[in-house]
Amino acid sequence: LCDNGCDICVITDAPCEGSIITSLTTAAADCDIARLSLQQPKEPPQLLLQKKEPKIEWSLPEGASQKTVALYPAPATFLQAVSQAETVMREDIFEALSGFKNIVDLFCGSGTLSTALLFQNTPPEQIIGYDTGNEAIASFQKIADFNGHGNRLSAIQRNLFDAPLTTKELEV
């Protein structure tokens, strides 16, 4: 649930026929949703209908250089099921990692938890975020770039299950 409507991604375990896709799109056209996507097996999400770009305003922790930051999530972006829990986790990470120069965020997605670190009074010199999803990584980089922190973030697409980080890579 985004601030400006539902962002729905139907994920199937078998390929869908064209008639099913047409039915989904037709039904969604009559609903008040922001976006409808379809993700079929071994395929990236396919945009079926977008009435407006989904948007979520994340509250930043007390002490951040601004109160909120906007996320424009990619289709099928993973977010915590309860936004209040996500906010608490973001606040805990903001406090716990205060003063660190280099941060590595594994399975970072769209930067749900580490974005707030860019808005500390003394932000990290470098955040390296890794995630499988190219669109999620692009969303994370977009937030950093738009807010003038793009030089502090390296958002990298990488399947950490197939290619875990080495100890040498963690020596930052």
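Author: Six salt bridges are counted, a salt bridge being a side-chain nitrogen of Lys or Arg within 4 Å of a carboxyl oxygen of Asp or Glu. The model is predicted, so local features need pLDDT of at least 70 and side-chain atom pairs count only at pLDDT 80 or more, while totals for chains, interfaces and linings use all residues. Residues are numbered from 1 along each chain as its sequence is written, and side-chain values use heavy atoms, with hydrogens and water left out.

Helices (H or I, at least four residues) and strands (E, at least two) are DSSP runs, numbered from the N terminus. K142 is partly exposed at 43% relative accessibility, and E53 is partly exposed at 38%; buried means under 20% relative accessible area, exposed over 50%, and partly exposed in between (1.4 Å probe, protein chains only).

Another bridge joins R90 and E86, at 3.9 Å from N to O. Both residues lie in helix α2 (residues 83–96), four residues apart, which means about one helical turn separates them. R90 is buried, at 2% relative accessible area, and E86 is buried at 4%.

E125 and K101 also form a salt bridge, their closest N and O atoms 4.0 Å apart. This pair links distant parts of the chain, 24 residues apart: E125 is in the loop between β6 (102–106) and β7 (126–131), and K101 is in the loop between α2 and β6. E125 is partly exposed, with a relative accessible area of 49%.
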